[in-house]
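Subject: Structure handover

Hello,

Here is the structure I promised to pass on. Please look it over; my notes follow below.

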Amino acid sequence: MKSASKRIGLGIGICALASLLGGNAVFADDVVKDAESLWKAAGFQISGTVLASYTQNFNNPNTNNNQLRIFDTNANSFMPSMAQIVFERPANASGSGIDRAGFRARLNFGADARFSSARTNYQPGESNKEIDIQEIYGEYIAPIGNGLKIQAGKINTLIGYEVVNAWENPNFSRSFMFGLSQAFTTTGIRFTYPFTSWATATIGLINGWDNIDDNNRSKSFEYLVALTPHEKFGFSVYGSYGAEQTNGNTNGLGTATVNGCTIGSAGCDPQAKRTVVGGIITFKPIASTTLVLEPYYGNEGNQDFAPGTGGASGTGTGKNARWNGIIAYLTHDFNDQAKPNAFSLRLRGELFEDAGGARTCAGSVNFAGGANTCSGSASSGVAVGTANAGFVPVNAVGSGTPQTLWEGTLTLQWKPVPQLQTRAEFRYDKSDQNVFLRGGEATNNQQTLAFSVAYLF
């Protein structure tokens, strides 16, 4: 009887515990479902990407760097390229009240963050940190006409076809034009208005190119006009204008020279204006094929670093710098990219001229993240094999390398499932200067083969 009583008591206890745990499980499920409902009702969204890559440089440069590249700079090496988290609540133009307000915070970790962080000066002096807040802004769609979108904060630039995120571009590697002559992000306020379903205009007042902290006492403006008169054809014009060079402000330190930049010298003129203008022409002859053409022009006063032309060489005021280029993209999807086993072919051809040497090889662009090393050349006055542009600070005063670059890139993309993007890419770079390395010797070309894997969630 005692043994039977124990068994009955144990059975009752187990049933009670099971009932209690079951009740808690049901309660926990309800809490999760309620949280999910509140999250969706509030319009919050979380997404992200994890990207890894490998790049083989057939020149086998002794610096282990791919010359004149941005992001894909490590030769013959695996790279934990990026882990990105995006937390946002997109504004809804058709909503009312709070539905018209939104925000975005995009946080990057990994090797790619070195370069975007270096360029945006988010943490001056600590550009080797592998973390970068790529975007952080709030937005509101005012109920004016078709809806005036107002955004304030740090936002991806309006300039150019390519963007920081490799998986959002047609190819894995970035073009010379994007990496060397265009802003990554801008910080300020931006207004966007859709006049019709096929015509939208945007204008922004910004600190300047990639500047979190304004480096002078003036603002620049950026603009974009996007037209899509037909589903098979689109045309956009973008640009920016304003003073981008530092004013040499020393914050009361009592010197007129900051980071090698002396007020009034080339590369340090707060009155000099930078003007860029470009276009994006898109044509879809058939649903599976897209052609894109991007012409681009840039000019900046007192910024020419060619030897013997500017303050950098001690001969007086620098001349205007000029850089320009044109890129053609071809994308062909062999099947539906939203379904498993999706294949795609992407081609890119580019011609880029840095007429004054201001944007390449010891020009004024900040490559503190380790990107854009050059072998050196006779025109640059730098010894062959020297990574002369790898660690040049912003607005450095020195002789640049005027040159014309071109590249051809072929990318094969395969998505075994829609969330997993894999790419294999061959690229050939050429210059009219010996700015690349073959082993330890300067040469005018380099060839790379890259593989990348990106998981999007």
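**Aromatic pairs**

Tyr54 is buried, at 18% relative accessible area. Here buried means under 20% relative accessible area, exposed over 50%, and partly exposed in between, with a 1.4 Å probe and protein chains only. This is a predicted model: local features need pLDDT of at least 70, side-chain atom pairs count only at pLDDT 80 or more, and totals for chains, interfaces and linings use all residues. Residues are numbered from 1 along each chain as its sequence is written, and side-chain values use heavy atoms, with hydrogens and water left out.

Phe78 is exposed, at 66%. How many aromatic pairs are there? The count is 13. Rings of Phe, Tyr and Trp (its six-membered ring) pair if their centres lie within 6.5 Å; planes under 30 degrees apart are stacked, over 60 edge-to-face, and the rest tilted. Tyr54 and Phe78 form a tilted pair, because their planes stand at 50 degrees, with ring centres 4.6 Å apart. This pair links distant parts of the chain: Tyr54 is in strand S1 and Phe78 in strand S2, 24 residues apart. Helices (H or I, at least four residues) and strands (E, at least two) are DSSP runs, numbered from the N terminus.

Tyr193 and Phe195 pair edge-to-face, at 5.0 Å between centres and 75 degrees between planes. Phe195 is exposed, with a relative accessible area of 51%. Phe44, Phe87 and Phe103 are linked by ring pairs into a cluster.

**Charges over rings**

A charge sits over a ring if NZ of Lys or CZ of Arg is within 6 Å of the ring centre and within 35 degrees of the ring normal. Arg274 lies over the face of Trp209, 4.5 Å from the ring centre. Arg427 has its charged end over the ring of Phe176, at 4.9 Å from the centre.

**Cavities and pockets**

On a 1 Å grid over the protein atoms alone, a cavity is a set of points where a 1.4 Å probe fits but cannot get out; a pocket is an open set with protein on both sides within 12 Å along at least five of seven lines; lining residues have an atom within 4 Å of a point. Grid points are joined across faces, edges and corners, and a volume is the space filled by probe spheres set on the points.

There are four cavities of 30 Å³ or more. S1 has the largest share, three residues.

The second largest pocket holds about 390 Å³ of space. Of its 23 lining residues, Glu135, Ile155, Asn156, Leu158 and Arg190 are the closest to the centre. Strand S5 gives the most to this lining, four residues.

**Nonpolar cores**

A nonpolar core is a set of buried Ala, Val, Leu, Ile, Met, Phe, Trp, Tyr and Cys residues joined through side-chain atoms within 4.5 Å. The largest has 25 residues; Leu68, Tyr296, Phe352 and Leu405 touch the most other members. Helix H3 (176–181) and strands S12 (273–286), S13 (289–300) and S14 (321–333) each give two or more residues to this core. S14 has the largest share, with four. Another core, of 13 residues, lies apart from it, and Leu51, Ala166, Phe172 and Phe184 are among its members.

Best wishes
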